[in-house]
Amino acid sequence: MFQVRIHGRGGQGVVSGAEMLAHAAFAEGRFAQAFPSFGSERMGAPVMSFCRIDDREIRLREPVMAPDALIIQDPTLLHQVDLFQGLTADGYVLINSSRSLDELGLGELVRRLRPERLRAVPATELAREHVGRPLPNAALLGGFAALTRQVQLDSVIAAIRARFPEKVAATNVAAASAAFAAVATAEERAYA
Amino acid sequence: MLKQMEGSQAVAAAIALARPQVICAYPITPQTHIVEALGRQVKAGELPGCEFINVESEFAALSVAIGASATGARAYTATSSQGLLFMAEAVFNAAGLELPIVMTIGNRAIGAPINIWNDHSDSMAMRDAGWIQLFAETNQEALDLHIQAFRIAEELSCPVMVCMDGFILTHAFERVDLPTQEDVDAFLPRFEPRQVLDPADPMTIGAMVGPEAYTEVRYLAHRRQLRALEVIPAVAAEFAERFGRHSGGLLRGYRAEDAETLVVALGSINGTVQEVVDEMRAAGVAIGAVSLCAFRPFPQAALRAALEPARRVVVLEKCLAAGAGGIVTDDVRRAMAGARVMVTTVIAGLGGRAITRASLRRVFDKACAGTLERLTFLDLDAAVVEQELEREKATRRTGPTAGAVLRRTGTPGSHIG
């Protein structure tokens, strides 16, 4: 089972991000479960959502306590919430930021984890460019696909198309594809 | 057809497949997505012959359902928490009038203190109202139970609550198998009411009954519930035959046959319990679980048969009778009267407190060792409780408990687990 925790702020699409990720896994014939952290749905408040992906039916209902991957939609949460709680030693971290991990003050984290599994991707900028609104969640899923290889980009695209009307879907697909390309390139560099 | 969807959307789809004629509801978290989806479908003309009636309160919602059902319409509503309490008088009336209404409960805690998260306090407050109460373990089962619920309700002329854990199921996005309209039509025939308010053939329902007949009427209601103990599994068996999967019924055992310790629980927590059972089985511990789907009527004989081989029973419940203990436990103890089985209670998940594998493992280990206390509150923060008790001793004007505890534990929803 692969477990993902998404941190963001109310209004950024934290819940729909987890749902689209689950949909992407479902599109590949896998079992997936997405659910929100329940409750504080106020605009701007810290919110969480969870996604589990497995090859068999998922029965577990506890929150994701020990994530295999973290998606951080808003880097300003770094100093407000214990985002990395329970993160496994070989876990993945994808942060929405145009700044480097060192600039974000995460040098320590980089040393503790596997550096090739940590990425910052400018998802908000990509969303502004392609979608015209600062909604980073679709772009982050593209980046997630490149970073973790848990789902294919095509499945993420299918999930985005299932979620939004055609026109909005197309712009989000563009953002997700751009983020995928950005992270995939960076990943290749790390392995080179 | 396999679909990845939110639990609320799956339930709305099930209701649509059941061809309801009147839907009336008042939105309340976490039930809202269900009735929003149905409202949209009715407005879009996707439910021919169905009227969605907007009402001003939950009391009106169920009262309209009562009126609609009394004219022979298949009626549906849904609510949660304070909404269910607000309709309480109508809840008893619907059962007393023998009207086969189906109502979803998106289970949620009751205030005060206000809390929008999941536990079973709401439907438990109405457990003796005369409705059948069925608990869903997964979103697939929630979907399936709604289709079964109309069959059960209409066969017995008794209302049915389908209880599903608020947020944990209503807002979980997972795989469900959506049946076809043809299969549902074949399984759920047209509603043939026992009583119909019809101007062409006038009659009165809701007679005043005095002491000379009230006991008999109540006894017959009890008998009807006992008959449900046969109808519920029969409908589930027929459902399994047609749809190829097991949903509903009175209860289900999980690795229960040779278990020395059995965990009894209602609803979605059974999934996590089964994970812990597997973990402990792998370590050689003879533990199993029983998921109670039917809570009203209470399946005394079936539960006794399932639990009797075990030495210890842990009732894991998301509700509390303050001053008494576990609510489900009382029914379990009644079913086990005279049996050589030790029954303990674990109160868990109140107001949405996450129930983790680690915490369950701790109490189950204790239970298997025979050292679990009669009544345990899972993950109770004893330090916070002690501090508050000390504070109460020290001053007279302490103010509200809720605020004082909150100042020690942080803002709502601020913890991951």
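## Two helices in chain A

Let's start with a pair of helices: α4(A) passes α5(A) in a right-handed crossing. Please keep in mind that this is a predicted model. Here α4 covers residues 137-148 of chain A and α5 covers residues 153-163 of chain A. Two packed helices are described by the angle between their axes and the distance between the axes. For this pair, the axes come within 9 Å and cross at roughly 160°. Because angles over 145 degrees count as roughly antiparallel, α4(A) is roughly antiparallel to α5(A).

If you want to find the contact in the viewer, look on α4(A) for A:Ala138, A:Leu141, A:Gly142 and A:Ala145. Their partners on α5(A) are A:Leu153, A:Val156 and A:Ile160. Sorted by class, this contact has six nonpolar residues and one polar residue, with no charged residues.

## Where chain A meets chain B

Now for the two chains: 22 residues of chain A are in contact with 25 residues of chain B. On the chain A side, the elements giving two or more residues are α1 (14-27) and β2 (31-36). Of the elements on that side, β2(A) gives the most, with six residues. The chain A side as a whole divides into 12 nonpolar, six polar and four charged residues.

A handy place to look is A:Ala34, which stands opposite B:Phe173 in β8(B).

## Two domains in chain B

Chain B has an assignment of domain 1 (2-243) and domain 2 (251-377). The centres of these two domains, taken over C-alpha atoms, are separated by 27 Å. Their contact draws 26 residues from domain 1 of chain B and 20 residues from domain 2 of chain B.

How values were computed
Residues are numbered from 1 along each chain as its sequence is written. Chains are lettered from A and ligands numbered from 1 in the order in which they are written. This is a predicted model: local features need pLDDT of at least 70, side-chain atom pairs count only at pLDDT 80 or more; totals for chains, interfaces and linings use all residues. Two residues are in contact if their C-beta atoms, placed from the backbone, lie within 7 Å. Helices (H or I, at least four residues) and strands (E, at least two) are DSSP runs, numbered from the N terminus. Ala, Val, Leu, Ile, Met, Phe, Trp, Tyr, Cys and Pro count as nonpolar, Asp, Glu, Lys and Arg as charged, and the others, Gly among them, as polar. Two strands pair if DSSP finds at least two bridges between them. Axes are lines fitted to C-alpha atoms, for helices over the stretch in contact, and angles run from 0 to 180 degrees between N-to-C directions. Angles under 35 degrees count as roughly parallel, over 145 as roughly antiparallel, 65 to 115 as roughly perpendicular and the rest as oblique. A crossing is left-handed if the near helix is turned anticlockwise from the far one by less than a right angle, and right-handed if clockwise. Domain bounds come from an automatic or database domain assignment.
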